[in-house]
Amino acid sequence: MISAYTGTQIRAAEQPLLAAGMGTVLMQRASYGLANAVVHELRDRGRRLYGASVAVLAGKGNNGGDGLFAASFLAARGMRTTAVLTGDAAHSEALAAFERAGGRVHVLTEANAGELAAHVASADVVLDAILGTGAQGGLRGAAAALMKGLTDTRSGTLLVVACDIPSGVDADTGEAHALVLSADLTVTFGAAKAGLLADPGADHAGRVHVVPIGIEEHLPWPSLRRLETPDLARLLPRPGRRAHKYSRGVLGVVAGSEDYPGVAVLACRGALAAGAGMVRYLGPPAVADLVRQSCPEVVCSTGSVADNRVQAWLVGSGMGPGDSEQLQRARDAVESGLPVIADAGALPALPDVLAPQVVLTPHAGELAALLDRLGADYDRSAVEANTLGAVRQAAVLTEATVLLKGPSTLVASPFQDFYSQADGTPWLATAGSGDVLAGIIGALLAQVGSDVGRFRNAGIDPDERWAAIAALGASLHGRAGTAAADGGPLTAGRIADAVPGVWGRLAG
């Protein structure tokens, strides 16, 4: 499991070592790891090392010191190094080491920003070491002009490596202030930063590589986590020898309408693919007929929520404000106290205050509408600019578990436990994809929602298991989409078809 932390948490973990006089040691470890990461990245790309040109954009703080020391190590490998000092000072020891290694130094001004941008853009590698985790806001003045010029003239062959975090990205939230030079690789020190795993920060981070520097034992509980393959293998349910369809988990589905009948089919297919022992469908007769034709395994029932025995409910997909009977069923499912995944049309119809076992799955626009209804000042653009802050506030206000769909899918529990999953492909942005995701998560809720020991054994607080289940479903959905797409377009039905194969590879 990847653990990510805020800048404040990282600085607090560094403090005992700094107090012991190990500041220079920490910087040397970080810069040496940064230099090695650049070397490995160039080799992986089939690029030469000797004679390659490296430009380091160095701020006046420790982040700039890390970049300058790293560039001096690269100079020792035969690379040609240039530094652009963006502040009125630089880390003195690092700058001295850089100059001893033969590096050339330019001091940035408003007058030469354009000229230096063109010079830097002609390098093979750029190290972005202007702003670190403690910076507030984005680049300003000549540094902003330099970055704009570099962004405008950047070639496809230029390798951009961010030192700890791309300059202008908030380490705590992932907010991107003003112009940010998107990195191909971010080399971060001690531990991943939460802002690298949340959009829009993740848009600019590229691949994230963590360099241990010795602070790890001082780190607290992480601000954000990401499930990896071993975690998925540990959490995915496996039927016992004497399992039967009822013990495997029964999911009730209240989804679809006469306007959107296919949504119910996709939700049911997602649930079946993700291992539910039985799926019961409640909905309009015409939709139920389509479900029977498409998924003969589904039991189409009648009556109320209370009349149907299930372990979890899926509600809301494909429903509108006029679907009064379906919306009442959605409210009844939430009031049952059972685990519920509530999607799309159900979100405006549910009570303002819910419970942790209710998983809400909005996209950015739906989350903005939910937050607006609850009195929070967010529109869609504000949600997209601060996804982590928005999902955090929604979980606090609703007391539910909230999953925000996106390139980096975020999950927040009302207890403020957070997950970020980014296992998918842009091809997942297709109609019906979210309905399959709802089915997958619903099936997992039905199968493992009551299995407290499974999560305790995996190092997850049982009270937080609803967030972990949502993250598990998001990862499974993303991996299935990637497998189904195989680099090209896909449809939602193919995502469901790919789930069992992905599951088998993970569990095997």
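User: How do β12 and β13 pair?
Analyst: β12 and β13 (residues 299–300) pair in the parallel sense, over 2 bridges. Strands pair if DSSP finds at least two bridges between them. Strands (E, at least two residues) and helices (H or I, at least four) are DSSP runs, numbered from the N terminus.

User: What should I know about the model itself?
Analyst: This is a predicted model: local features need pLDDT of at least 70, side-chain atom pairs count only at pLDDT 80 or more, and totals for chains, interfaces and linings use all residues. Residues are numbered from 1 along each chain as its sequence is written, and side-chain values use heavy atoms, leaving out hydrogens and water.

User: Back to β13. Which residue there partners R280?
Analyst: V299 is the bridge partner of R280.

User: What does helix α10 make with those two strands?
Analyst: β12, α10 (residues 285–294) and β13 form a right-handed β-α-β unit. Right-handed means that, with the strands pointing away from the viewer, the path from the first strand over the helix to the second runs clockwise.

User: And how is β11 joined to β12?
Analyst: β11 (residues 250–254) runs parallel to β12, and 5 bridges join them. L251 has V279 in β12 as its bridge partner.

User: Why is β12 called largely enclosed?
Analyst: Because 5 of the 5 residues of β12 (residues 278–282) are buried. Buried means under 20% relative accessible area (1.4 Å probe, protein chains only). M278, R280 and L282 cover one side, V279 and Y281 the other.

User: New topic: where is H91?
Analyst: H91 is in the loop between β3 (80–85) and α4 (92–100). H91 counts as buried because its relative accessibility is 18%.

Terms used. Buried means under 20% relative accessible area, exposed over 50%, partly exposed in between (1.4 Å probe, protein chains only).
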